[in-house]
Amino acid sequence: MKRRRPGRLRPSPLGGLVAAVAVSLTGTRVAAVALPWFVLVTTGSAAQTGVVTFCETAPYVASKALSGPWIDRLGPRRISWTADLASASAVVLVPLLHVLSLLSYAPLLVLVAVVGAARGPGDLAKEVMVPQAAELTGVVLERGTGWIGVMERLSGTLGPAAGGALVLFFGPMAGLVANAAAFLAGSALVALALPGELGGPAPAGRQRPGYLRSLGEAFTLLRSDRLLPAVMLMLAVTNFLDAALGVLLPVWARDSGSGAGMLGLLIGVGSATAVGGSLVAATVAHRLPRRRVFFAGFLLGGAPKFLILAVDAPVWAVLAVFAVGGFGAGFLNPVLGAVLFERIPPELLGRAQGVGSSLAFAGVPLGGLLAGAGATGVGLMPMLATVGLAYLLTTLVSGMCPVWSGMDARRVNTAAARA
């Protein structure tokens, strides 16, 4: 394995990757406030806001599933920076067309679909580089996934807060300009600042299989492992329910009179405490029982957010629930990432991560779409209560299944370098 040469004026492999993840995700979180708010205030329709969410997330899920073989073949580094560059190009067209009075609803749907299709491979490529970056930096896998989790959560703190402020003072188009700039910065970091030994093509035998066979190998791996299908099924349900919050929360902010500032504050508070949870996980997660930590995080970070909004509680109580839930959720990705990377051979990492992640996110496009339709049809509060109870039931039933004991069976890190 190639090791980083001392004295280079470049960040460590893990540090550079963490910075790239932080920049690109911060921009995405800014847009997660600005874009739904723009659609909601211009159309007045929760259903149309849900359609916009669907048009971004459906291509995101599909492209993430299908890009794995190309990431393994071409290398995640190359895919990451080109995908971020494509995302920036599509995002910047939204405010540009709006300024020119050429942005109608249909072109907006097309542009967000392009952004989603580009984000899928870009996000997957960064995920695939995590185990090699951790190994090259000389840290345990839980710590590597933990630091990525910290940056994901920190982005979730700064992004929504910045998004809410930009919308409040300059309008939602300013948030999308910031999103495009963040994609450009993330692309430059990956292309120019990461060490050269990080993110090359996956190791292969004498002959690489064709595209469809490569994709089929990922499905074979997932079927052969008892724990992985259970993980993907639970995440598919919880991500579907979480996607509903992306539509229901802006509607709650509008209907309650709280506005975009409170919307950004709630997301930011939850993400800020999630940073604390991720920091703790990065430090001690390798010493803790994974199964208990994982489900405790879901119990704190899932259902309570929906249920507190459904009972029309005072703002201080809503903030408290989002804060506690964020701390619990901060433990999820470090634990889950370590489990997945331990179980996937390096030569299948792009494909298996792509297929597995797409299965886990398969319900996300419908989550926002159905939440918007439900809020319009049956009302906001009934939808919040229904989603919250479904979340609680999913967490409790999954936690009682014996297959999850496999999370605590730690394996030797097989993530070899992609050189």
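Does Thr 57 count as buried or exposed, and at what relative accessibility? Thr 57 counts as buried, at 15% relative accessibility; buried means under 20% relative accessible area, exposed over 50%, and partly exposed in between, with a 1.4 Å probe and protein chains only.

Before going on, some ground rules. This is a predicted model, where local features need pLDDT of at least 70 and side-chain atom pairs count only at pLDDT 80 or more, while totals for chains, interfaces and linings use all residues. Residues are numbered from 1 along each chain as its sequence is written, and side-chain values use heavy atoms, with hydrogens and water left out.

Back to Thr 57: its place is in helix H2. Helices here are DSSP runs of H or I with at least four residues, strands are runs of E with at least two, and both are numbered from the N terminus. Leaving aside residues up to four places away in sequence, Thr 57 touches Val 364 and Pro 365; contact means heavy atoms within 4.5 Å.

Gly 363 sits in the loop between helix H16 and helix H17. Gly 363 is buried too, with a relative accessible area of 15%.

| Helix | Residues | Residue placed by it |
|---|---|---|
| H2 | residues 46–66 | Thr 57, in the helix |
| H16 | 349–360 | Gly 363, in the loop between H16 and H17 |
| H17 | 364–377 | Gly 363, in the loop between H16 and H17 |

Now for the nonpolar cores, meaning sets of buried Ala, Val, Leu, Ile, Met, Phe, Trp, Tyr and Cys residues joined through side-chain atoms within 4.5 Å. The largest has 61 residues, and Leu 248, Trp 252 and Phe 294 are among those with the most contacts inside it. Helix H10 (residues 227–255) gives the largest share of this core, 16 residues. A second, separate core has 31 residues, including Val 18 and Phe 341.

Phe 341 is also one of the buried residues of helix H15. In H15, 11 of the 12 residues are buried, so this helix is largely enclosed by the rest of the structure.

Finally, a helix pair: H11 (residues 259–284) and H14 (residues 315–329) pack at an angle of about 30°, with their axes 6 Å apart. Axes are lines fitted to C-alpha atoms, for helices over the stretch in contact, and angles run from 0 to 180 degrees between N-to-C directions. That makes H11 roughly parallel to H14, as angles under 35 degrees count as roughly parallel, over 145 as roughly antiparallel, 65 to 115 as roughly perpendicular and the rest as oblique.
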